[in-house]
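Work through the exercises below with the sequence and the model at hand. Try each task before reading its solution.

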Amino acid sequence: MLDFIENLLGIPAPLLFGQLLLGLINGAFYAMLSLGLAVIFGLLNIINFTHGAQFMMGAFVAWMLLAWGGLGYWWALLIAPLIVGATGVVIERLMISRLYKLDHLYGLLLTFGIGLMIEGVFRNEFGSSGLPYRIPAELSGAWDLGFMFMPVYRGWVVVFSLVICLATWIVIEKTRLGAYLRAATENAALVQAFGVNVPRMITLTYGAGVALAALAGVLAAPIYSVNPQMGTNLIIVVFAVVVIGGMGSILGSVITGFGLGIIEGLTKVFWPEASATVIFVIMAIVLLARPAGLFGRA
Amino acid sequence: MGTSRRSLLAGASAAVAVAPLSRARAQGTTIRLGVLSDMSGPYRDATGPGSTVMTQAAAAEFGARGFTVEVIQADHQNRPDVGANIARQWFDQGVDAILDVPTSSVAFAVNTIAREKNKVFLNSGAASSDLTGSQCSPNTVHWTYDTWMLAKGTGAAIVRTGGDTWFFVTADYAFGHALQRDTTRFVEAAGGRVLGAARYPFPATTDFSAFVVQAQASRAKVLGMANASTDTVNTIKAAREFGLHRNMKFAALLMGLVDVHALGLETGQGLLLTESFYWDLNDRTRALTTRVRRANQDRPPAMVQAGCYGAALHYLKAVADMGVAAAKADGRAAVARMKAMPTDDDAFGPGRIREDGRKLHPVFLFEVKAPSESRGAWDYYKVAATTPGEEAFRPLAEGGCSLVRS
């Protein structure tokens with residue numbers, strides 16, 4: 001079997017398996033980020049272009065907690081999403097909530113502008129070259145899988161983000177709270193008539209979506225350079241993931257996130273120059289064939 | 001177009017005051033220096049506002065010698081079209097010299113415009129050695145470093161220690177290609193071999209694990225990083241995570257002080273890197289650092305920023321030597337005068353500018369300290385080797401510059 005793969009593709013099978021696994025790890029980041037975007041779009045109808053900046057804020061808050069407060073990675077995993085989520089709540093209350101009755105374009109422009117401003121403030125304060133953040137001692141080291149050397153931390157990222165994705169899906173699809181949320185997006189006035197405080201629910205949903213981005217940022221801090229631009233490259237890919245999966249589809253964004261991570265990983269072996277383009281080629285094909293996305297409802 | 005802050009440096013007093021361009025022009029005897037740099041992107045900390053601070057420091061040190069010096073700055077956003085527009089506008093508005101210009105693609109655009117308008121281009125930030133080779137110009141001085149010198153400094157040093165098989169991770173644009181090309185020459189000249197390369201899309205790549213695993217699978221002894229800034233930091237982080245440091249040497253071909261700062265000594269210790277300036281080299285560099293540190297957001301100057309200081313100071317000396325009116329009228333003559341005069345400044349010491357525009361000064365191979373060796377903030381390097389300027393840069397005859405008479 002291994003010989004067959006090697007002969008077919010012209011690369012050693014261990015390298016291929018290694019790249020599949022790496023693709024899965026990158027897919028975990030795509031899934032977590034697109035999950036937050038999908039939740040926000042599904043329930044608020046806002047295309048949240050601040051998401052990349054909020055991912056970056058998560059990583060920076062983790063750094064600040066360590067450098068200024070002496071609180072390590074595990075605390076950051078808990079506290080950073082809460083802090084960044086709280087800033088999201090403020091942004092939603094002060095600004096985004098005024099745009100719900102307007103065209104999508106207004107929300108897009110507003111969140112894009114806020115994202116640029118947040119990045120600018122961090123760049124002024126911390127510079128552009130980045131800050132160091134270490135892998136926590138409990139998760140450092142690596143396993144020898146035979147076909148590759150697998151860092152423990154990367155394994156943790158995949159497992160943790162799968163758990164988070166699953167938990168989010170359960171909350172929205174299987175609980176009473178999730179039922180309220182879904183109902184409110186269909187008909188807010190009716191849900192409000194039943195005594196549910198819809199505006200507060202929407203505010204908290206935005207905060208939760210932002211907290212998911214920040215959580216991904218904390219996960220990224222030990223393995224990527226913590227710098228103000230770190231969300232910019234990632235967010236473009238993540239938007240493509242959301243579009244391919246179907247805007248607002250939670251399960252779709254998770255599956256697409258992992259799937260595209262793997263496809264991108266394979267491209268990095270066979271044709272590295274095209275690895276940034278392949279996702280957009282897929283997006284174009286999917287939009288031509290199924291404009292609502294793979295898992296979207298037309 | 002990026003924001004541009006106009007400030008007037010009033011001669012000996014060195015006081016910075018904001019003055020409208022029109023008033024300065026009315027005075028007639030003002031030399032205008034425009035710092036065109038990356039003020040908001042990945043190269044900002046190694047160039048950017050710090051380059052302006054260092055240019056102002058040169059003007060302050062030069063003092064009042066019959067003319068005033070005005071320093072303005074703008075952000076080229078690493079885009080050749082934006083950079084070219086600002087350069088044209090500046091030259092038309094009476095800017096005499098443009099400084100810095102990191103990002104080779106933008107530097108090539110400004111290089112052409114300075115020649116066409118007969119002004120002066122003092123490049124510090126761009127790396128491509130073609131600026132003094134196939135693209136050389138009588139209006140341009142390439143001050144601080146280039147890809148050939150980096151390749152010789154770090155690449156050849158690592159081959160000498162037994163690293164004779166290489167795998168490159170290369171940024172897929174002009175700079176990355178030039179750096180890989182120049183390094184490959186040294187590796188092969190020393191009897192080594194290049195086993196493979198992965199060219200990744202720039203700047204759209206965040207995760208480098210796929211490329212470091214390919215490097216690992218190639219069984220090369222050296223991981224050659226033909227990239228810069230955040231990309232280099234992310235490559236090294238991934239390479240250490242996947243255990244490449246156990247059996248491979250890392251060759252970070254363009255890496256500077258701010259990158260080591262971003263990486264942290266824990267991860268960066270033992271790396272070899274090549275620079276022509278470090279703040280803690282000698283008494284003169286330390287004195288310079290003390291003078292500028294406050295204005296530079298409490299950071300010591302980085303190599304490219306120090307290059308802006310050296311280039312600006314030498315240009316001003318040439319202007320004083322030939323007369324302001326003649327210098328303003330003919331950029332080519334001003335650069336010729338710069339080449340005729342020996343250079344000397346606190347950052348690079350004594351040196352000279354060659355006829356192809358290449359500035360010559362000593363080049364240092366540094367080793368990054370271990371955390372236990374570092375005595376304080378920004379104490380990151382120890383000198384591993386020093387190469388004299390005449391040997392550190394590409395020989396005059398090999399560059400293919402049309403200004404060089406064979």
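**Exercise 1.** In which sense do S13(B) and strand S14 (residues 349–353) of chain B pair, and over how many bridges?

*Solution.* This is a predicted model, in which local features need pLDDT of at least 70, side-chain atom pairs count only at pLDDT 80 or more, and totals for chains, interfaces and linings use all residues. Residues are numbered from 1 along each chain as its sequence is written, while chains are lettered from A and ligands numbered from 1 in the order in which they are written.

Step 1: strands (E, at least two residues) and helices (H or I, at least four) are DSSP runs, numbered from the N terminus. Two strands pair if DSSP finds at least two bridges between them.
Step 2: S13(B) and S14(B) are antiparallel, with three bridges. Asp345(B) is found opposite Gly349(B) of S14(B).
Step 3: the pair belongs to an open sheet of three strands in chain B, ordered S13-S14-S15 with antiparallel pairing. Strand S13 (343–345) and strand S15 (359–360) of chain B are its edge strands, each pairing on one side only.

**Exercise 2.** Find the domains of chain B and describe how they touch.

*Solution.* Step 1: chain B splits into domain 1 (5–145 + 281–361) and domain 2 (148–279 + 362–392), with bounds that come from an automatic or database domain assignment.
Step 2: the centres of the two domains of chain B, taken over C-alpha atoms, are 28 Å apart.
Step 3: two residues are in contact if their C-beta atoms, placed from the backbone, lie within 7 Å. By this test, 26 residues of domain 1 of chain B meet 25 residues of domain 2 of chain B.
Step 4: on the domain 1 side, helix H4 (104–116), helix H11 (283–292) and helix H12 (303–322) of chain B are the elements that give two or more residues. The largest share, three residues, is from H11(B).
Step 5: sorted by class, this side of domain 1 of chain B has 14 nonpolar, nine polar and three charged residues. Here Ala, Val, Leu, Ile, Met, Phe, Trp, Tyr, Cys and Pro count as nonpolar, Asp, Glu, Lys and Arg as charged, and the others, Gly among them, as polar.

**Exercise 3.** Is Tyr145(B) buried or exposed?

*Solution.* Step 1: Tyr145(B) sits in the loop between strand S7 (140–142) and helix H5 (147–160) of chain B.
Step 2: a residue is buried if 20 or more other C-beta atoms lie within 10 Å of its own, exposed if 12 or fewer, and partly exposed in between, with C-beta atoms placed from the backbone.
Step 3: Tyr145(B) has 28 C-beta neighbours inside 10 Å, so Tyr145(B) counts as buried.
Step 4: leaving aside neighbours within four places in sequence, Tyr145(B) is in contact with Ala127(B), Leu150(B), Ser276(B) and Met303(B).

**Exercise 4.** How many residues does each chain bring to the contact between chain A and chain B?

*Solution.* Step 1: chain B brings 38 residues and chain A brings 33 residues.
Step 2: among the elements giving two or more residues on the chain B side are strand S9 (193–200) and helix H8 (229–241) of chain B.
Step 3: by class, the chain B side has 16 nonpolar, 13 polar and nine charged residues.

**Exercise 5.** Describe the make-up of chain A.

*Solution.* Step 1: chain A has twelve helices and two strands.
Step 2: of its 298 residues, 50% count as buried.
Step 3: the C-alpha trace of chain A spans about 65 × 50 × 35 Å along its principal axes.
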